[in-house]
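Subject: Handover of the two-chain model

Hello,

I am passing this structure on to you. Please open it first, then read my notes below.

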Amino acid sequence: MSTSTQQSSAGPDTSASSPNPLGGHEKQAPWVPWAVFGAAAVLALGIGLLTSWNIVLFVIYTVVLGTLGTYVLSRVTEGPRKAVDRLVTCLVISAFGIAMVPLVSLVYEVVRRGAERFDGEFFTASLQGIIGPGGGAYHALMGTLIITLLTTLISVPIGLMTAIYLVEYGSGRLKRSITFLVDVMTGIPSIVAGLFAYALFVLIFGPGVRLGIMGAVALSVLMIPVIVRSAEEVLKLVPNELREAAYALGVPKWRTILKVVIPTAIAGLATGVTLAIARVIGETAPLLITVGITNALNFNPFDGRMATLPVYAYYQLTQPGVPPENAIDRAWTAALVLIMLVMGLNVVARLISRLFAPKTSR
Amino acid sequence: MTSTTSAPPAQQPKSRPGDRIFAGSAKGAGILILVILAGVALFLISESVPALTASADEISGDGGLASYIGPLVFGTLLSAVIALLVATPLAVAIALFITFYAPRKLAAGLGYVVDLLAAIPSIVYGFWGIFWLAPRLVPFYRWLEENLGFLPFFAGPVSSTGRTMLTIGLVLAVMILPIVSAISREVFSQVPTLHTEAALALGATRWEMIKIAVIPYGKSGVIGGSMLGLGRALGETMAVAIILSGSAAGITWALISSANPQTIAANIALQFPESTGLAVNTLIASGLALFVITLLVNMLARWVVNRRADFSGAN
């Protein structure tokens, strides 16, 4: 209320409505909010010691009391407008803090529990004939690598060619509808992609079929739109002067694309592909219903069930057998390896885009 | 005169076979995308026909397909809406923090840290939800039941494991937080500097500047982004499957009891590996329902976001 009236009257006569809305009140020293939060922490400590000590409650009390204290103090000394501003600042910073809680606790929990079985045997042994302790995820790791490789082999050509079509050739209705449907495809739930692959292969092989290649097809449905999106963005950044220079030399369009456009954009394309791999390597649901699980090593994606790391983690957790601790430890280590794979791919993608960025800015 | 005759040389490259093959395969790949999307719909429909045409007593449970899928749709929508209600304000606040409050040098790094939440696989969220989050929420749920138990949402008895609908909503909220905040951030960073500086020059505080310049400009982008998040939450499978395994209670509004409605995606993941015959077709039919729901939500979201893009393209 008061803010809008002050806004509109801010031009001609600022000093008319209130004593002096901008300069009249003392401006708080920068250390004041910190001091308020310090006092709030002491107060929260007192409350905690009087009732029941709990680190979570301590943090919550500190933030709530500190925010209220800052607001009230600022309202008294600086006026309501400044006070609301400080209140929002506190809220916005707390929101960021809240978002960090799951990230930090998740990484900490996975590393703590996953470190238990993070040993040589985990990476060299399968689960064949394992009851109780020992055993590993070698077969699942291999399955994940094979299926992800197949997915990449299917998705990259299709995704890249589609992006080339959209940027270099496409026009009119077909281009618009492909762009829109790629967007829509990004939102397909992963489990629906799995059902699609299942329904497709059932028509060929009959019901109950489980193959590694089915998983690759399902993951491709998820991966293609990601590749198209990123490749399209990157190809658009290639300056038109390069293309025109090639045309002027009489180079055909397809060779221009292959020899000029793609080499210029290669760093961005590689980044996009790496991020797309990171996106699908942790997918569980489609693999759960298309590839299944097995305890033995299977290198052939065209013959029977394969184990994959996420599905392995899922079954080790939900069907641990007796005693459950061994399998649950293995599940956490699999989750740790999975996170390391995804984060590692993200880091690699950043490195590629930083190290091999095109030198066009000269 | 001569300008009209200069057209033929431009035509010449088209006759090269290499060009035709390359252009053709690029176009083919584009059309393949359309075929795949059509194929997803077509194969799902063809495999769910047996369930759609089956008589009511052949479907598991009683009352036929509609009463099998109905509670699942309810559970899916309920969990996604809880996630949306929790995630949207938080994501907008985070986007504001990174765009307008954080020190310039830190902003990109902080944005990357929030994006890390999107990199964590869904199944790991399930692990975290069941072992870390759920037990820690139980005292909070007890408190809710004692003090707000008169509301149907918080009716007892409280689940002793914390594996409840509200837990799912919170886990899903964390999972969609990065996408909603990423899109909000992008929209906020596009707010014309003229608008923000004009507001500040008129003596607005930072919050007033956000209220009068940033929010009106970014509103539709935030709505579109949160709907994309909704689409994401609707389709989330593994986290829900792990946390809510073994409790299917039909339609209930109780969020913190041990009897919770299941979601479509989680139900498929839990039932599919052990199903045969008509049960598989029933599950695929429920998958078709999920596909249609997410398709509608995503199309609407894209439409909202793109409409805004048309606006801002001018400046």
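The notes below go from conventions to domains, then to the chain contact and the helix packing.

This is a predicted model, in which local features need pLDDT of at least 70, side-chain atom pairs count only at pLDDT 80 or more, and totals for chains, interfaces and linings use all residues. Residues are numbered from 1 along each chain as its sequence is written, chains are lettered from A and ligands numbered from 1 in the order in which they are written, and side-chain values use heavy atoms, with hydrogens and water left out.

Domains of chain A

Chain A is divided into domain 1 (2-115) and domain 2 (123-355). These bounds come from an automatic or database domain assignment. The centres of the two domains, taken over C-alpha atoms, are 44 Å apart. Seven residues of domain 1 touch five residues of domain 2; contact means heavy atoms within 4.5 Å. Together the two domains of chain A bury about 570 Å², with 81% of it on carbon and sulfur atoms. Buried area is the accessible area (1.4 Å probe) that two parts lose on being put together, summed over both. On the domain 1 side, Val110(A), Arg113(A) and Gly114(A) supply 72% of the buried area, more than any other three residues.

Domains of chain B

Chain B has a domain 1 (20-54) and a domain 2 (64-313). Their centres, over C-alpha atoms, are separated by 29 Å. Ten residues of domain 1 are in contact with eight residues of domain 2. The area buried between these domains of chain B is about 820 Å², and carbon and sulfur atoms give 83% of it. In domain 1 of chain B, Leu44(B), Glu47(B) and Ala51(B) lose the most area, together 48% of what that side buries.

Between the chains

How many residues does each chain bring to the contact? Chain B gives 77 and chain A gives 84. The two chains bury about 7,400 Å² between them, 80% of it from carbon and sulfur atoms. From chain B, Phe22(B), Ile33(B) and Phe127(B) supply 9% of the area buried against chain A, more than any other three residues.

Helices are DSSP runs (H or I, at least four residues), numbered from the N terminus. Axes are lines fitted to C-alpha atoms over the stretch in contact, and angles run from 0 to 180 degrees between N-to-C directions.

Start with helix α2 (residues 32-50) and helix α3 (residues 55-77) of chain A. They pack at an angle of about 135 degrees, with axes 8 Å apart. α2(A) and α3(A) are therefore oblique to each other; angles under 35 degrees count as roughly parallel, over 145 as roughly antiparallel, 65 to 115 as roughly perpendicular and the rest as oblique. The contact of α2(A) with α3(A) has 14 nonpolar, five polar and no charged residues. Ala, Val, Leu, Ile, Met, Phe, Trp, Tyr, Cys and Pro count as nonpolar, Asp, Glu, Lys and Arg as charged, and the others, Gly among them, as polar.

Next come helix α4 (residues 80-114) and helix α14 (residues 324-355) of chain A, which pack at about 125 degrees with their axes 8 Å apart. α4(A) and α14(A) are therefore oblique as well. Leu106(A), Glu109(A), Val110(A), Val111(A), Arg113(A) and Gly114(A) in α4(A) meet Trp332(A), Thr333(A), Ala335(A), Leu336(A) and Ile339(A) in α14(A). Those residues divide into seven nonpolar, two polar and two charged.

Last, the axes of helix α11 (residues 253-281) of chain A and α14(A) come within 8 Å and cross at roughly 170 degrees. That makes α11(A) roughly antiparallel to α14(A). The residues of this contact divide into 13 nonpolar, four polar and no charged.

Best wishes

Conventions. Helices (H or I, at least four residues) and strands (E, at least two) are DSSP runs, numbered from the N terminus.
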